[in-house]
Amino acid sequence: MSKLKIAIQKSGRLSEKSLELLKECGIKFPNGGGKLIAESKNFPIEVLFLRDDDVTKYVEQQVADIGIIGENVYLEANLPVNVLEYLGFGSCRLSLAVSKGEDYRGIEYFEGKKIATSYPFILEQYLKEKNVNASIEFISGSVEIAPSIGLANGVCDIVSSGSTLMSNGLKEVEKVLDSQAILISSQSLNQEKQALLDKLLFRIKSVLNAKERKYILLNAPNDKLEQIIAILPGMKSPTILPLADQGWSSLHSVIQEDQFWDIIDELKGLGAEGILVAPIEKMIY
Ligand code: ATP
Ligand code: MG
């Protein structure tokens, strides 16, 4: 029987979350660290643990069928693979930064200057788009120190909180792109592998849908029910059950995580009580 091969980062910022996602999809792996390949016992899938830089290439060459990778690394690789899903973790941005003391007024600053980066392809396209001529100095790591050692005038690097930039005396001046972990696949999968992938994707989508949403329960006075229902964008209409207490009902629904606090305030304003918000593990449409 055919097995789906998935490439993920061996150790780094995406490793733990990638494995966690598979686990949330009900896919189990025997414990035993240090292995480069792991086979699931309950789903026909094999995990290849790689340097993140190699994931896109291996998927393109069909060494792996699918992979989890930062969008930044996928874009830099510039290889023909399919992007199947944005996974909602590993969020960061690729930005231009210069020394804190520089008088930076706009992208023209970089005209004729030198920029150090591990992302030469993305940076070249960005500079072209902005009509700036700058020379690109490729370095594979520790890009942040380039300005202080006189290697470059600025850097183009991954930022999440900005603390690494700050501790190296740099300031972020332009955002080149936003990135997060994505699921990619080879462009030519046989029917059997495609069927396995569809099964996995269905599970991934259910997990992601659940993450964005919360289950909400509350008690509400009957005369406010209509108004409360109007501000609850549930899957369909909310479930309403009468309470023993006359004139009150219990209402159950699902809300978007990002609308959560706004809605809670409105609900309280309408007299809702005993509001419970619970995580959802899976959500199947
Ligand atoms: P590898 O040894 O696999 O080559 P790496 O050092 O190149 O690892 P990591 O630092 O583990 O890579 O980052 C992996 C990915 O995590 C990045 O490409 C990016 O998509 C994402 N990421 C999220 N936040 C950050 C951050 N603060 N710094 C760097 N990468 C981040
Ligand atoms: Mg890497």
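## F110, tucked away

F110 has a relative accessible area of 0% and so counts as buried (buried is under 20% relative accessible area, exposed over 50%, partly exposed in between, with a 1.4 Å probe and protein chains only). You'll find F110 in the loop between β6 (92-99) and β7 (114-117); helices here are DSSP runs of H or I with at least four residues, strands are runs of E with at least two, and both are numbered from the N terminus. From F110 to V98 it is 12 residues in sequence and 9.6 Å in space, C-alpha to C-alpha.

A quick word on ground rules: this is a predicted model, where local features need pLDDT of at least 70, side-chain atom pairs count only at pLDDT 80 or more, and totals for chains, interfaces and linings use all residues. Residues are numbered from 1 along each chain as its sequence is written, chains are lettered from A and ligands numbered from 1 in the order in which they are written, and side-chain values use heavy atoms, with hydrogens and water left out.

## The largest pocket

The largest pocket comes out at about 1000 Å³. For pockets and cavities, a 1 Å grid is laid over the protein atoms alone: a cavity is a set of points where a 1.4 Å probe fits but cannot get out, a pocket is an open set with protein on both sides within 12 Å along at least five of seven lines, and lining residues have an atom within 4 Å of a point. Grid points are joined across faces, edges and corners, and the volume is the space filled by probe spheres set on the points.

This pocket has 38 lining residues, and those closest to its centre are R13, D52, N72, Y119 and I158. At least two lining residues come from each of α2 (52-60), α3 (71-77), β9 (154-159) and α5 (163-167), and α3 gives the largest share, with 4 residues. Domain 1 (4-89 + 181-210) and domain 2 (92-178) each put at least three residues into the lining; those bounds come from an automatic or database domain assignment. By class, the lining splits into 12 nonpolar, 18 polar and 8 charged residues (Ala, Val, Leu, Ile, Met, Phe, Trp, Tyr, Cys and Pro are nonpolar, Asp, Glu, Lys and Arg charged, and the others, Gly among them, polar).

## The magnesium ion

D52 turns up again as a metal ligand: D52 (OD) and D53 (OD) coordinate the magnesium ion (ligand 2) at 2.1 Å. Donors are N, O and S atoms within 2.8 Å of the metal (3.2 Å for Na, K and Ca), and since water is not among the atoms, sites may look incomplete. D53 is partly exposed, at 46% relative accessibility.

For C92, the nearest cysteine sulfur belongs to C156 and sits 12 Å away. C92 is buried, with a relative accessible area of 15%, and C156 is buried too, at 0%.

N131 isn't a glycine, yet its phi is positive, at about 60°. N131 sits in the loop between α4 (120-129) and β8 (135-138) and is exposed, at 66% relative accessible area. S142 also has a positive phi without being a glycine, near 45°. S142 is in the loop between β8 and β9 and is partly exposed, at 49%.

K130 is placed in the loop between α4 and β8 as well, and is partly exposed at 38% relative accessibility.

## Over at α8

K268 belongs to helix α8 (residues 260-269) and is exposed, at 53% relative accessibility. K268 and L218 are 50 residues apart along the chain, with their C-alpha atoms separated by 9.9 Å.

Key: A disulfide is a pair of cysteine sulfur atoms within 2.5 Å.
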